[in-house]
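Hi everyone, thanks for coming. Let me put today's model on the screen, and then we can walk through it together.

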Amino acid sequence: MAVQLNHTIIPARDKTTSAAFLTEILGLSAPVPFGHFLTVRLDNDVTLDFMDTADEIRSQHLAFLVSEAEFDAIFGRIRERQIPYWADPRAQHPGEINHHDGGRGVYFPDPAGHFLEIITRPYGSGGG
């Protein structure tokens, strides 16, 4: 069996708000309850399991590989909601996207303070 990521736990102040935000922005199916988690299934069958916590949330970075058409749709939703976005992970280039490896990428926050990214080309895949 090949090693594959199956799921990861994402802490949130409000798992319902955070999971709904992600599914709405990315255009995914609605979150599904599983025990005390609210799970978001990605197209490669990995689940992001949102969990409520009162503890300090340490920001996680989640990057999603999307098609050019999906990027346009997702980026449109980011702009419609007036969500701040950056071309870089240090948030030094606000209101910009990047063009690494000949694709497009953008970083934006979720309601719990995690830093999300959408990219159209995997890093290191070549191109500009």
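Let me start with a question: in strand 4, which residue is the bridge partner of Val40? It is Leu48. Before going further, a word on the ground rules. This is a predicted model, so local features need pLDDT of at least 70, side-chain atom pairs count only at pLDDT 80 or more, and totals for chains, interfaces and linings use all residues. Residues are numbered from 1 along each chain as its sequence is written, and side-chain values use heavy atoms, with hydrogens and water left out.

Now, back to strand 4. Strands here are DSSP runs of E with at least two residues, helices are runs of H or I with at least four, and both are numbered from the N terminus. Two strands pair if DSSP finds at least two bridges between them. Strand 3 (residues 37-41) and strand 4 run antiparallel, joined by four bridges. On the other hand, strand 1 (residues 7-12) runs parallel to strand 4 (residues 47-52), with six bridges joining them. Within that pairing, Ile9 has Asp49 in strand 4 as its bridge partner.

The hairpin of strand 3 and strand 4 has five residues between the strands, and Asp45 there takes a positive phi near 70°. Asp45 does this although it is not a glycine. As a reminder, most residues other than glycine have a negative phi. Ala91 is also not a glycine, and has a positive phi of about 55°. You will find Ala91 in the loop between helix 2 (68-80) and strand 6 (105-109). Is Ala91 buried or partly exposed? Its relative accessibility is 31%, so Ala91 counts as partly exposed; buried means under 20% relative accessible area, exposed over 50%, and partly exposed in between, using a 1.4 Å probe and protein chains only.

Let's zoom out to the whole chain. There are two helices and seven strands, and along the sequence they follow the pattern β-α-β-β-β-β-α-β-β. The radius of gyration is 15 Å, close to the 14 Å that the globule rule gives for 128 residues, so the chain is as compact as a globular protein of that length. That radius is taken over C-alpha atoms, and the rule is 2.2 Å times the number of residues to the power 0.38. Of the 128 residues, 41% count as buried. Finally, for contacts (heavy atoms within 4.5 Å), among those between residues at least 6 apart in sequence, 55% join residues at least 24 apart.
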